[in-house]
Amino acid sequence: MHRDPRKTWQYFAHAVIREDDPAKLTYLMQELYRMLKDNQEKPSLP
């Protein structure tokens, strides 16, 4: 299943804006970094 990157960023932005807990914000940032890193390592399909 392919995700629309625009929706992913939109969901992430909403989560960060609404979250006040520093631990949860740290988790969100770590997950974002992990996903970006995973996407860079995968070869793109033609």
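Which side chains meet Asp38 in a salt bridge? In this predicted model, the partner is Arg34, with 3.4 Å from N to O. Both residues belong to helix α2, where a spacing of 4 residues puts them about one turn of the helix apart.

Arg34 also reaches Glu31 through a salt bridge, and here the closest N and O atoms are 2.7 Å apart. These two residues are 3 positions apart in helix α2 (residues 22-41), so about one helical turn separates them. A search of the whole structure gives 2 salt bridges, and Glu31, Arg34 and Asp38 are linked in a network.

Turning to the aromatic residues, the structure contains 1 aromatic pair. The ring centres of Trp9 and Phe12 lie 6.2 Å apart with the planes at 90°, so the arrangement is edge-to-face. Because Trp9 and Phe12 are 3 residues apart in helix α1 (residues 5-18), about one helical turn lies between them.

For the overall picture, the protein chain has 2 helices and 0 strands. Of its 46 residues, 4% count as buried. The accessible surface of the chain comes to about 4,700 Å², and carbon and sulfur atoms account for 60% of that surface.

Notes: Residues are numbered from 1 along each chain as its sequence is written. This is a predicted model: local features need pLDDT of at least 70, side-chain atom pairs count only at pLDDT 80 or more; totals for chains, interfaces and linings use all residues. Side-chain values use heavy atoms; hydrogens and water are left out. Rings of Phe, Tyr and Trp (its six-membered ring) pair if their centres lie within 6.5 Å; planes under 30 degrees apart count as stacked, over 60 as edge-to-face and the rest as tilted. Buried means under 20% relative accessible area, exposed over 50%, partly exposed in between (1.4 Å probe, protein chains only). Accessible areas come from the Shrake-Rupley method with a 1.4 Å probe; for residues, only the protein chains shown count as cover. A salt bridge is a side-chain nitrogen of Lys or Arg within 4 Å of a carboxyl oxygen of Asp or Glu.
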